[in-house]
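Here is a short tour of one protein chain, written for reading alongside the model. Please keep the sequence and the 3D view open as you go.

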Amino acid sequence: MEYPFPEHIVNQAASRHKKSVVSRLADICKQYGLNSPDHLARQLFVLMEGFCITARLIGPDSPPADVVQAAQALIQSHRN
């Protein structure tokens with residue numbers, strides 16, 4: 001849950017969590033030797049966030065296969 005006030009404790013906790021997810025994704029991208037790991041991590045994070053919101057709004061009929069294919073395309077574009 002996030003609040004519109006950046007100084008609110010809930011918003012700060014959510015922000016720290018999201019930043020930690022991006023950091024973990026970047027570490028994984030680096031571990032696999034992908035190009036521009038920080039950039040790729042941010043792209044994958046945006047994709048994940050979009051899917052999470054869409055899944056909540058649409059429900060079980062949301063298109064998970066499209067998310068997997070999009071992530072695979074992003075990852076492939078960052079390979080040597």
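## The nonpolar core

Which residues make up the largest nonpolar core? The core has 11 residues: Val21, Val22, Leu25, Ala26, Cys29, Leu34, Leu40, Ala41, Leu44, Phe45 and Ala71. A nonpolar core here is a set of buried Ala, Val, Leu, Ile, Met, Phe, Trp, Tyr and Cys residues joined through side-chain atoms within 4.5 Å. Buried means under 20% relative accessible area, exposed means over 50%, and partly exposed lies in between (1.4 Å probe, protein chains only).

H1 and H2 are the elements that give two or more residues to this core, and H1 brings the largest share, 5 residues. In soluble globular proteins, nonpolar side chains tend to be buried together.

## About the model and its layout

This is a predicted model, in which local features need pLDDT of at least 70 and side-chain atom pairs count only at pLDDT 80 or more, while totals for chains, interfaces and linings use all residues. Residues are numbered from 1 along each chain as its sequence is written, and side-chain values use heavy atoms, with hydrogens and water left out.

The protein chain holds 3 helices and 0 strands, running α-α-α from the N terminus on. These elements are DSSP runs numbered from the N terminus: helices are H or I with at least four residues, and strands are E with at least two. The C-alpha trace spans about 40 × 30 × 15 Å along its principal axes. Of the 80 residues in the chain, 21% are buried. Among contacts with a separation of 6 or more, 40% are between residues 24 or more positions apart.

## Salt bridges

How many salt bridges does the count come to? There are 2, where a salt bridge is a side-chain nitrogen of Lys or Arg within 4 Å of a carboxyl oxygen of Asp or Glu. One joins the side chains of lysine 18 and glutamate 49, at 2.7 Å from N to O. Lysine 18 lies in helix H1 (residues 9–31) and glutamate 49 in helix H2 (residues 37–58), so this pair ties together parts that are 31 residues apart in sequence. Glutamate 49 is partly exposed, at 26% relative accessible area.

Aspartate 38 and lysine 30 also meet in a salt bridge, at 3.6 Å from N to O. Aspartate 38 is partly exposed at 40%, and lysine 30 is partly exposed at 45%.

## The loop between H1 and H2

Serine 36 sits in the loop between H1 and H2. Its phi is positive, about 45°, although serine 36 is not a glycine. Most residues other than glycine have a negative phi. Serine 36 counts as partly exposed, at 44% relative accessibility.

## The largest pocket

What lines the largest pocket? The lining residues are Leu25, Ile28, Cys29, Tyr32, Leu34, Leu44, Met48, Ile75 and Arg79. On a 1 Å grid over the protein atoms alone, a pocket is an open set of points where a 1.4 Å probe fits, with protein on both sides within 12 Å along at least five of seven lines; lining residues have an atom within 4 Å of a point.

H1 gives the largest share of the lining, 3 residues.

Technical notes. Contact means heavy atoms within 4.5 Å.
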